[in-house]
Amino acid sequence: MLLPSLVLALLGAPDPPVELALTETSGARLVVVEGRLFRERGATRTAIGDGVEPAPGRVLALAADPAGLTFVAAEGGLYVLGPSVAVLDPVEPEGDVPGGRPTSVHVDAARRVWFASAEGVGVLEPSHFHGRRLVSPGLAPGPSYALAGTPDGRLAIRWEGGEHVHDPAAAPAPRVTSVRVDGEPVTSGATLRRPSGGELVLELTGEAAGGAAFRYRVDGHHVWRSLPPDGRLAMPNPGRRTLELVAEDEDLDTSAPFLVKLEIAYPFYFAGRFVLGSALVVGLALLALFARGLRDASGRAQPLRALVSAALALVLVLQVLAGLVPHAKGWPFVGFGMYTKRFPRDGLIYAERIVVLRPDGSERIVPVQSAGVIVDEPWEVIRPLIDRGEPALRAYLEAWRARNPGEAASGLQVQAQRSRLTAHGPVSVAPLVLAHFRENAGG
Amino acid sequence: MAEGASRGSFLARWERFWFGEASLVRLALFRIVMLAAAFDGVWVVRKAVFQHAAGLESEFAKAHWRPIYAFELLGLAPPDLATARVAWVVILAAIVLGILGVFTRAACAVAALGTFLWVGTEYSFGKPHHTCVALVFGLFALPLAPVGARLSLESWWRRRRAARAGGDPLAVPERAPWAALPLRLTQLTIACGYFFSGVTKLAISGLGWANGYTLMGIMVEYRSPWSHHFYASPPLLVLMSVGLLCGQIGFPLAFLGTFFRWVFVPIAVLFHVMAMKTMGTGTFLTLWLTLSSFVALERIPAVLMRLVGGGPVWRRVLVAGAFGTGAWLTLAIYVGNKPGWMAWLCLPVGIVLLLAALPRLLAPIELAYDPRSGAARAAAATLAALDWAHRLRLVPIGPGTGAPSVLALAARLPLGLVALPFLPALRGALAQPSPGISQPSRTGEER
């Protein structure tokens, strides 16, 4: 690829034309020349790397995400690029999305990633790449779809022999119409009591454009998951849990959450009476053992030593039990779960960060505590920012500004920064933007 | 018969292990280290506990109060601000009294309970960590042992009073039953922690955990100042992973003897330094400090005297460098997040270690006392209690000999600072000047 360019340059031939161009939020310009993607900063043009195998091939389309990412349609599929990384990373969609080589891509103001391929039109949400296939009635079956955004927020879709304008805002809001849990109908907000272990069997009905799909999450987890086709969910961990269910339409719009509160009993061996009773029985047995065996030189019993011995033995037994059946809440009898997961080669690593956006387009990572809330676990701060969206992001930004009066800031993001673990070391790839807010976004 | 003998043998070993005699100085130093660690443990989470208690984040607090199981069993609720303030003062008072050695056992018991409740409260708002596990068990074991028998104001006061009443001012208890118990429990807890940490990695991920990419992923996720020096080389990461697993799973071997302690305790320290610098784990300082349970703390001055105070120059430099670096690093981490004046509290300890390492800095000083005087005996008892570096020879004197004056004594002390640990007692010792030095009795080295 470079050799012909060099030969052409030596021959004094004109530079190959820029096929596509896009300006990033950082001010840099992405250009596609002879099917390859480059980033231009001033007079410097740098090639964007291919990341993991297989290589993306020829770049066919670019689309800017309002949150600063760039989605790329290439021969190898859909890819994503971040403003501060220099390689493309493949988008691996989850859900029923059209396959085949993508021909065009567009990101709308709500950050939905629309793409067309030889097999149809699909849409992805930009944080976890959950997606659906568009089955709009106006969409006739036909090869080689292409799409483009229109200024009024709609989608112009073309295919061989036809075209259609799709308006994601036109469909009525989806809704969950009925929920049955383990065969029994429930209303939103109802509390169900269940023993630990086993499954919940969910049967949902709903109304949504393109057919309702159902998604769920437990305890406000930031990732909504697709409900399995058979509706069976593993019982959440014991304790008070909140199960949220939503219906989703073909545009990825979702209904208001349907709440099911769960009170899941702890297994009998975690019940206070059982634990204390068992400890008492074992402690007494140990005490009897030590009281009988521990004697001084003259053969007299040593009750204090026996008592302490029994307590020590019990503590050690509990420590070993905690090691075998780890549970952090048993502190100070705790086992180990951290750092135990194995990462494979080319696996992805996620590191959640709060990022302040500066007016010049640059980004600054700030500690989660930087708005004044002292936390032990970053997700305690991050989750509400993702969940509540703009109001929470705006409030955090204001608090951050109050504590950092000299700093310029025009927006805030929650990012999951990502790295691929390659044989040459970690390679930074485009982050996931889990929450995004920029002041005067339209200006 | 054989079964009975076996049980008897087991119980005898059990009794020796837990209740056998051990050095009281070691126990006392361990008490001080543990309470210093407890201070660090409660200090680093104080803002979070107070913030929750103050209700600044009441909605947040309600949403995030997930009590540890022990709190659930005890029915403990999050503290309000007044309770938190009282608890804080009580914990600090207990720690200070415990370090000074005033009502030592009671202070240690209160410090243990307070630390458990304070740290447990923070863990009930956030997530529990491992750094304070061995600390809490060790603290609860302290009151069971004679923790105030040495290096405490109460022991000083007791000896001083006994000396006034005619007792031998130089008589100090060296060893006692039960003194090993807190050390043993702390050691076993640490060994359990490391062992299960290693075993769980293998149980969940198998040997594939050591593929290099796992460690790379952890270093990337918790990117730290040294991460980039290591994470680009999978073969090096494989080696590090294997070393880490061996160090953790093999740690219980430290109970087999001194050699293994010299292997596994430094590995553990190295592990924490590396984890802090490459994986963002934080300092794990409290766990680091509790590792002192494996160190014969009472022998440090003698070891320094032997390895730094004498022998080949290369060895002296090497040992001094290693010891100095370790001590400086630990101190820097400890005082790094605390008020600046706290570093100065370590000055007397530093002086003692310096004197121990450099015996020529301060030659042994002979001090005379009149054994017929209760006040002089009391002063001698005080000096003996403070003479950690074994630089004093306290000799009973007969009539007709002179004793050095305060100024003459001070002139023999290089720098005024080194006299600091001794100053309170000097006045008392020399308040009874009696001429003549008779036969030396017991020297510091003998104690």
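Of the 447 residues of chain B, 42% count as buried, and by buried I mean that 20 or more other C-beta atoms, placed from the backbone, lie within 10 Å of the residue's own, with exposed for 12 or fewer and partly exposed in between. Before I go on, this is a predicted model, where local features need pLDDT of at least 70, side-chain atom pairs count only at pLDDT 80 or more, and totals for chains, interfaces and linings use all residues. Residues are numbered from 1 along each chain as its sequence is written, while chains are lettered from A and ligands numbered from 1 in the order in which they are written.

Let's stay with chain B. Its secondary structure comes to 21 helices and four strands; these are DSSP runs numbered from the N terminus, with helices being H or I of at least four residues and strands E of at least two. Contact here means C-beta atoms, placed from the backbone, within 7 Å. Among chain B contacts between residues at least 6 apart in sequence, 80% join residues at least 24 apart.

Packed helices in general are described by the angle between their axes and the distance between the axes. For our numbers, axes are lines fitted to C-alpha atoms, for helices over the stretch in contact, and angles run from 0 to 180 degrees between N-to-C directions. Angles under 35 degrees count as roughly parallel, over 145 as roughly antiparallel, 65 to 115 as roughly perpendicular, and the rest as oblique.

How do α11(B) and α13(B) pack? The angle is about 95°, with the axes 8 Å apart. That makes α11(B) roughly perpendicular to α13(B). On the α11(B) side we have Tyr213(B), Thr214(B), Leu215(B) and Met216(B), and they meet Pro234(B), Leu237(B), Met240(B) and Ser241(B) of α13(B). By class, this contact has six nonpolar, two polar and no charged residues. The classes go like this: Ala, Val, Leu, Ile, Met, Phe, Trp, Tyr, Cys and Pro are nonpolar, Asp, Glu, Lys and Arg are charged, and the others, Gly among them, are polar.

The other pair is α2(B), residues 24–43, with α7(B): their axes come within 10 Å and cross at roughly 25°. These two helices are therefore roughly parallel to each other. From α2(B), the contact uses Arg31(B), Leu35(B), Ala38(B), Gly41(B) and Val42(B), and from α7(B) it uses Cys108(B), Ala111(B), Thr115(B), Trp118(B) and Val119(B). That contact has seven nonpolar, two polar and one charged residues.

Phe103(B) has a positive phi of about 45° although it is not a glycine. Is Phe103(B) buried or partly exposed? Phe103(B) is partly exposed, with 17 other C-beta atoms within 10 Å.

On to where the chains meet. In total, 49 residues of chain B are in contact with 44 residues of chain A. Several helices of chain B each supply at least two residues of that side, among them α1 (2–19), α7 (104–125) and α10 (181–205). Which helix gives the most? That is α10(B), with ten residues. The chain B side divides into 28 nonpolar, 13 polar and eight charged residues.

Over to chain A, where five strands form an open sheet in the order β18-β24-β23-β20-β21, with mixed pairing; two strands pair if DSSP finds at least two bridges between them. At the edges stand β18 (190–194) and β21 (225–226), each with a single partner strand, so one side of each is left without a neighbour in the sheet. Strand β20(A) pairs with β21(A) in the antiparallel sense over two bridges, and Tyr216(A) has Arg225(A) as its bridge partner.

In the loop between β23 (239–248) and β24 (258–264) of chain A we find Leu252(A). Leu252(A) has a positive phi of about 70° although it is not a glycine, and with 20 C-beta neighbours inside 10 Å it counts as buried.

Next, helix α4(A), residues 379–388, whose buried residues are Val381(A), Ile382(A), Arg383(A), Pro384(A) and Leu385(A). They pack against β25 (348–357), α5 (390–403), β27 (411–422) and β28 (425–438) of chain A. Just after the helix, Gly389(A) takes a positive phi of about 70°.

One last stop: the peptide bond from Trp331(A) to Pro332(A) is cis, with omega near 10°. Pro332(A) is found in the loop between α3 (303–324) and β25 of chain A.

Definitions and conventions: Two residues are in contact if their C-beta atoms, placed from the backbone, lie within 7 Å.
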